[in-house]
Amino acid sequence: MASIKCIIFGCIAKEKGYFRIIKILERNPNISLLIAGPFLHPLEQETLDYIKRKEKELKNLKVEVRRLRDDEFGKYAKKADIILLPYLSAVPASGIFSRNLKFLKPMITWNTYFFKENEKKYGACITVNSIDELEKKILEVHKSKKLRAKLRAGVKKLQKDLSWKNIALKYLEMYKTL
Amino acid sequence: MKMKQNSKSEDKKLKILMYTLDTVGIKSIADDIANAFKKMGFDVVVSDKIDYDHYDIIHVHMDYSQFHPWGLGLIPVLIKSKLHKKKTVVTIGTILRKKDTYARNKFLANIKNIVLSISNPLIAFFSDKVTVMVGDMRETLIEDFHINDKKIAVIPHGVY
């Protein structure tokens with residue numbers, strides 16, 4: 001079986017839920033993961049130490065602790081098979097989910113409110129509830145061309161609805177009510 | 001029709017400051033909204049400094065860690081803005097349920113919750129509107145931090 005390349009973007013934080021996918025990497029060498037993002041908050045030192053330690057232990061884990069330029073972000077997203085967001089809670093401000101949309105890559109996320117909303121309304125991602133389900137979905141998405149096409153269609157629908165112009169217009173409406 | 005055109009030209013006169021101390025993450029949101037406004041012909045600037053005299057709207061994009069301790073650091077900015085009679089909007093990037101709040105240890109998490117219980121109502125009090133990007137965060141502000149629901153708007157994150 002070919003290696004399935006997964007990626008987690010964004011600044012190093014416990015909230016990203018790395019341990020969930022790392023548990024899968026430990027038992028499934030066919031899945032590989034790249035964690036790419038800057039280290040910004042000293043509070044997250046423990047998380048950084050954890051992923052660095054795991055990188056030494058696991059051949060299928062790579063960690064790049066630095067801020068990616070926009071072109072690098074795109075390059076990494078295109079190279080990946082699946083983008084993972086196994087977050088402990090909703091982190092919409094990160095913008096990672098939104099930035100990923102333009103690459104039309106399959107996204108598997110944890111079942112937090114924000115992602116569930118996007119799965120239900122648009123079919124733009126797949127949400128999971130457990131580590132076993134996460135592994136199952138990674139394998140399923142990798143195997144099924146049909147499922148990947150369905151996710152792409154969902155993302156396109158979402159892109160149309162939530163363009164920045166439409167968002168700015170929503171803010172404008174709100175400014176006018178102040 | 002004429003009224004509509006007048007109203008549009010009034011909109012164009014709005015001068016908006018997107019204020020953020022972030023350099024990545026939430027700043028990219030401020031940049032994207034600002035770019036969309038610019039394309040529509042608005043005078044909009046993203047900055048980590050505030051010129052209280054120049055703008056009609058001061059739109060703060062914040063994460064608690066940028067205004068330590070946990071949001072209280074923003075209060076003087078909001079008071080100054082009020083004194084200058086500016087309309088102020090605060091977009092909170094992420095707000096967790098109190099039970100999900102985490103810090104270096106349990107003691108700090110408790111302190112953080114106490115501070116957030118003070119900073120969130122003050123942010124709401126001294127701003128004209130608080131916005132969040134998902135409905136669940138609106139519920140968090142109402143249920144866990146007792147913010148008046150009329151003060152909160154949900155405007156989702158845009159996509160590319």
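In helix α4 of chain B, the buried residues are B:Lys112, B:Leu116, B:Ser119, B:Asn120, B:Ile123 and B:Ala124; a residue is termed buried if 20 or more other C-beta atoms lie within 10 Å of its own, exposed if 12 or fewer, and partly exposed in between, with C-beta atoms placed from the backbone. An α-helix has 3.6 residues a turn, so residues three or four places apart point the same way. The cover over the buried residues of α4(B) includes α3 (75-83), β4 (87-92), β5 (129-132) and α5 (135-143) of chain B. Helices (H or I, at least four residues) and strands (E, at least two) are DSSP runs numbered from the N terminus. Helix α4(B) comprises 21 residues (residues 106-126) and should span 30 Å at 1.5 Å a residue, which agrees with the 30 Å between its end C-alpha atoms; the expected span is 1.5 Å times one less than the number of residues.

The model is predicted, and local features need pLDDT of at least 70, side-chain atom pairs count only at pLDDT 80 or more, and totals for chains, interfaces and linings use all residues. Residues are numbered from 1 along each chain as its sequence is written, while chains are lettered from A and ligands numbered from 1 in the order in which they are written.

The contact between the chains draws 34 residues from chain A and 36 residues from chain B, where two residues are in contact if their C-beta atoms, placed from the backbone, lie within 7 Å. On the side of chain A that touches chain B, at least two residues each are supplied by α4 (96-101), α5 (113-122), α7 (145-161) and α8 (164-177) of chain A. The largest share of this side, nine residues, is that of α8(A). Its composition by class is 20 nonpolar, seven polar and seven charged residues; Ala, Val, Leu, Ile, Met, Phe, Trp, Tyr, Cys and Pro count as nonpolar, Asp, Glu, Lys and Arg as charged, and the others, Gly among them, as polar.

Helix α8(A) packs with α2(B) at an angle of about 85°, the axes being 8 Å apart. Axes are lines fitted to C-alpha atoms, for helices over the stretch in contact, and angles run from 0 to 180 degrees between N-to-C directions. The two helices, α8(A) and α2(B), are therefore roughly perpendicular to each other, a term for angles of 65 to 115 degrees, with those under 35 counted as roughly parallel, those over 145 as roughly antiparallel and the rest as oblique. From α8(A), the contact is made by A:Trp164, A:Lys165, A:Ile167, A:Ala168 and A:Tyr171; from α2(B), B:Asp32, B:Ile33, B:Asn35, B:Ala36 and B:Phe37 take part. This contact has seven nonpolar, one polar and two charged residues.

The largest nonpolar core has 86 residues, and those with the most contacts inside it are A:Ile108 and B:Ile33. A nonpolar core is a set of buried Ala, Val, Leu, Ile, Met, Phe, Trp, Tyr and Cys residues joined through C-beta atoms within 7 Å. Helix α2 (residues 26-39) of chain B provides the largest share of this core, seven residues. Beyond its neighbours within four places in sequence, A:Ile108 is in contact with residues including A:Ile82, A:Leu84, A:Cys125 and A:Val141.

Elsewhere in chain A, A:Ile21 lies in helix α1 (residues 18-27) and is buried, with 23 other C-beta atoms within 10 Å. Its C-alpha atom is separated by 8.2 Å from that of A:Leu33, twelve residues apart along the chain. In strand β6 (residues 126-128) of chain A, A:Thr127 counts as buried, with 21 C-beta neighbours inside 10 Å. A:Thr127 and A:Trp110 are 17 residues apart in sequence and 5.1 Å apart in space, C-alpha to C-alpha.

Several backbone features occur in loops of chain B. The peptide bond from B:His68 to B:Pro69 is cis, with omega near -5°, and B:Pro69 is found in the loop between β3 (57-62) and α3. B:Trp70 lies in the loop between β3 and α3 and has a positive phi of about 45° although it is not a glycine. B:Trp70 is buried, with 22 other C-beta atoms within 10 Å. In the loop between α5 and β6 (152-154) of chain B, B:His146 has a positive phi near 55° and is exposed, with 11 other C-beta atoms within 10 Å.
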